[in-house]
Amino acid sequence: MTTTTDTRHPATRAADRAAALRDSADGLQAKVDFLASPAAYPEHPARVDVRETHMSWVFLTDGTAYKLKKPVVYPYLDFSTLEAREARCRDEVRLNRRLAPDVYLGVARLTRAADGRLAIDGKGTIVDWLVRMRRLPEERTLERLIVRGELAPAHVAQIGELLAGFYRRLAPAEVGAQRYVELLRAQHDANAGLLLRPDFALDGLRVEGMLKAIDRFFDADRALLEARAAGGHVVEGHGDLRPEHVFLLDAPVVIDCLEFNRALRLVDPFDEIGFLGLECARLGAPWVGEQLRRDLEARLGDRIDARLQHFYVALRACLRARLALAHLTEPEPREPHKWPQRAKEYLALAERAVAKTASGR
């Protein structure tokens, strides 16, 4: 296979990308309208439930889910071209089959015939790509079980067994100790850049103090982070391990891996389960994170310094606060009333984790 280098001037490449975005955006609504219709699907469902996320549209039929990626560009991803969206759809299927092998059915082509009609896997020109999945019962997510007060330690033990097996099968990531710290530091710097903006009306002194405590950990306890990478404990994990992505079925599965940026999937397993525990704590189940940590230590034969575990949680809580506020920087943010309160919830959890980092308990 031969490769070619794009020798065009950067301004020309940027202009071409902007044009591709405009073209994609112009046709996006027609694609959404088509996929929202039951007539679009060979199984002819009675209805189609439509969900919009930050980066995708999801269309739920009776037993199947189809995901259409938006033609968007952010600092951490670029879905501006048809080729990029195809590649990310294929990555999504490949990576998610690690934790949900029978859920991700493959990719499908969205085509347009000569007469302009759209079809799924038709004979016309390919105008976009879809991820095709088996629809899962939403009432069985970890999130829903917590909210309904039905989550039991036995459920968490199932999750711990699934995740421990997953991490045990993964080879150590090829990332050096210094690079690993740099990746985490970059996330912290991005968090600080947004959380300290005065227009978000957060308590600046409290937030600044918390961020400085995280800074001090990077400086004083850098060796703890470096040892995790040097010891082969950093892997290419899930990257977005949230309660709404975990399904407690007869055999639990985890969906929606972060497919678009490998660097963000390079994680310490204890960082990743700390993130899941953080999200469970926000929903009202603070005991989940501790059980998962104990389960992982036992099943992997690996122990982590308590200060480092709390540091990971603090860092991820600040990240989630930053992502909540980032919604407000969009030209037309969805549910703008929701995000400031959500950010404050995460920052409260970050403060608790920072205090535990200092105490070592």
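**Close-up views of a predicted model**

**Figure 1. Helix H4 passes helix H8 in a right-handed crossing.** In this predicted model, the residues that make the contact are Ile159, Leu163 and Tyr167 on the H4 side, and Pro269, Glu272, Ile273 and Leu276 on the H8 side. Sorted by class, the contact of H4 with H8 holds six nonpolar residues and one charged residue, with no polar residue. H4 spans residues 153-169 and H8 spans residues 269-283, and their axes come within 11 Å and cross at roughly 150°. An angle over 145 degrees counts as roughly antiparallel, and H4 and H8 are therefore roughly antiparallel to each other.

**Figure 2. Helix H6 passes helix H10 in a left-handed crossing.** Two packed helices are described by the angle between their axes and the distance between the axes. For H6 (residues 204-220) and H10, the axes come within 11 Å and the crossing angle is roughly 135°, which makes H6 oblique to H10. From H6, the residues Met210, Leu211, Ile214, Phe217 and Phe218 meet Arg307, Leu308, Phe311, Ala314, Leu315 and Cys318 of H10. The contact of H6 with H10 comprises, by class, 10 nonpolar residues and one charged residue, and no polar residue.

**Figure 3. The largest nonpolar core of the model has 69 residues.** Leu142, Tyr167, Leu195, Leu225, Leu276 and Phe311 are the residues with the most contacts inside this core. Helix H10, which covers residues 306-326, supplies the largest share of the core, namely 11 residues. When neighbours within four places in sequence are left aside, Phe311 is in contact with Ile214, Phe217, Phe218, Leu225 and Thr357. A second, separate core has 17 residues, including Leu28, Tyr41, Phe59 and Leu118. Two residues of the largest core, Tyr167 and Leu276, also belong to the contact between H4 and H8.

**Figure 4. Lys31 is a buried residue of helix H1.** Helix H1 runs over residues 10-35, and Lys31 lies within that stretch. The relative accessibility of Lys31 is 6%, and because buried means under 20% relative accessible area, Lys31 counts as buried. Leaving aside neighbours within four places in sequence, Lys31 is in contact with Leu68, Arg85, Leu110, Leu118, Val127 and Asp128. One of these contact partners, Leu118, is also included in the second, separate core of 17 residues.

**Figure 5. His44 and Asp121 are loop residues with a positive phi.** Most residues other than glycine have a negative phi, and most peptide bonds are trans. His44, although not a glycine, has a positive phi of about 50°, and this residue is found in the loop between H1 and strand S1 (49-52). With a relative accessibility of 58%, His44 counts as exposed. Asp121, likewise a residue other than glycine, has a positive phi near 55°, and its place is in the loop between strand S7 (118-120) and strand S8 (125-134). The relative accessible area of Asp121 is 41%, and Asp121 is partly exposed.

**Figure 6. Glu351 of helix H11 touches Arg206 and Met210.** Helix H11 spans residues 338-359 and contains Glu351, which is partly exposed, with a relative accessible area of 27%. Glu351 and Leu292 are 59 residues apart along the chain, and their C-alpha atoms are separated by 21 Å.

**Figure 7. Ala87 and Ala152 are partly exposed residues.** Ala87 lies in helix H2, which covers residues 82-96, and counts as partly exposed at 28% relative accessibility. Between Ala87 and Trp129, the separation is 42 residues in sequence and 9.2 Å in space, taken from C-alpha to C-alpha. Ala152 has its place in the loop between helix H3 (142-147) and H4, and at 26% relative accessibility Ala152 counts as partly exposed. Ala152 and Lys67 lie 85 residues apart in sequence, and from C-alpha to C-alpha they are 32 Å apart in space.

Notes: Residues numbered from 1 in each chain as written. Predicted model: local features only at pLDDT ≥ 70, side-chain atom pairs only at ≥ 80, totals over all residues. Heavy atoms only, no water. Axes fitted to C-alpha atoms, helices over the stretch in contact; angles between N-to-C directions. Helix = DSSP H or I, 4+ residues; strand = E, 2+ residues; numbered from the N terminus. Parallel < 35°, antiparallel > 145°, perpendicular 65-115°, else oblique. Left-handed = near helix turned anticlockwise from the far one by under 90°. Contact = heavy atoms within 4.5 Å. Nonpolar A, V, L, I, M, F, W, Y, C, P; charged D, E, K, R; others polar. Core = buried A, V, L, I, M, F, W, Y, C linked by side-chain atoms within 4.5 Å. Buried < 20%, exposed > 50% of the residue type's maximum accessible area, 1.4 Å probe, protein only.
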